[in-house]
Amino acid sequence: MIRLTKRQARQFLLLKHGLLGGHQFVGKAGIMDFVRQVGCIQYDPIDICGKNAELVLQSRISGFSKNMLDELLYRDRLLMDYPDKNLAIMPVEDWPYFERYRQAARQHAMKYPEMERLTTQVSNYIQKHGPVSSNDLNVLQLQGDFAWSSAIHWSSGNNIARSVLEQMYSTGELVIHHKKGTRKYYDMAEKHIQADLLHEPEPLLNELQHHKWRVLRRIGAVGLLWNRASDAWLHIWGLKSEQRNKAFYELLQEERIMTVRVEQMKETLYCRVEDLPCIETILKNPEYSMRCELIAPLDNLMWDRKLIQALFDYDYKWEIYTPALKRKFGYYVLPLLYGDRLIGRAEIAVERKTSTLVVKHVWYEKGIELTKPLEAQMNDCFQRFSLFNNCEAVVIEA
């Protein structure tokens, strides 16, 4: 068993995520190192001051620019869009581990006899014309008398073209070729994933092995997790408390995870064995330079907000879906990190017509004093955030 103070637990999480002291991750190679370490980063299409995945990376990757992520996804094909924790971005080499979901989608489609004819029509069209969005398929005038939703994706209502594309995406026939804003363009998977990887059988023998892999992956995605209900377990099929308990038990027996006790916390936490060197570094109590970063609303670090409350004494709710009159803070508000503490939050928006980054408001946590060093670090953070958003000016209204 590992015993940590709350501050040591915070520092471990931040060091693992490349958020403590100097930057650990640099450029496109750094993006790949980070994504492989955490398994996936969550995708969200809303773009107020950068999309969620871009926000995750800008806080960790020295020299990050948005085109780097696009290149890794759609030119280099080292990363791919695929459901993990909701729709996510993950290394392409993880493709075989999700074969059971593609097989479930194939079985689901058998309930709809018309699907085979429709997928053949769409496949022929893509082979002839190249990548398509659902709008491009209007020329086919697809006809089908069914209300269909994907086995591993989201409901498409009565949009038959979108339903067929998402079915083919769910079965692995298609991949996302690129995106324009929120619109996705699909192409044949065989053109973009090498054949041996595309057709590799699932490496995990049964559901228990798969659950163990997913649980271990999610612990690694956050750094520390507990064996209790959590948003960090979202979108793992069949993982109820019984299955989760079994997975934790076996991972402990196999010494692939370790128990962690944190002062003043009743719950036991767990970390991956491969992250022990990071904990050992923290236990030596090194000094770290102070750094200020804006954190993404759906950042891996924030996946379990009750854990963040317990370790950082920081209460965060993403209020984008909260009615305006009921919001405590703002529409799109980012946690503000300084050193090893979450010291506040900031509402930031990009005015694209004037290429201006607008800091609308900054709220500080109780007891935070705006010292000159902190103010200097925040200004540096806002300037870097402005460059990340290709803005020419920063306006601080707060």
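Buried here means under 20% relative accessible area, with exposed over 50% and partly exposed in between (1.4 Å probe, protein chains only). This is a predicted model, where local features need pLDDT of at least 70, side-chain atom pairs count only at pLDDT 80 or more, and totals for chains, interfaces and linings use all residues. Residues are numbered from 1 along each chain as its sequence is written, and side-chain values use heavy atoms, leaving out hydrogens and water.

**View 1. The whole protein chain.** Buried residues account for 56% of the 398 residues in the protein chain. Its C-alpha trace spans about 65 × 60 × 40 Å along the principal axes. We get 13 helices and 16 strands, taken as DSSP runs numbered from the N terminus (helices H or I, at least four residues; strands E, at least two).

**View 2. Strand S6 and its cover.** S6 takes in residues 86-91 and is mostly covered. How many of its six residues are buried? Five of them are.

**View 3. The S5-S6 hairpin.** Strands count as paired if DSSP finds at least two bridges between them. S5 (residues 79-84) runs antiparallel to S6, and six bridges join the two. One residue sits between S5 and S6 in this hairpin. Look for aspartate 84, which stands opposite asparagine 86 in S6.

View 4. Which residue of S6 is the bridge partner of isoleucine 41? That would be isoleucine 89.
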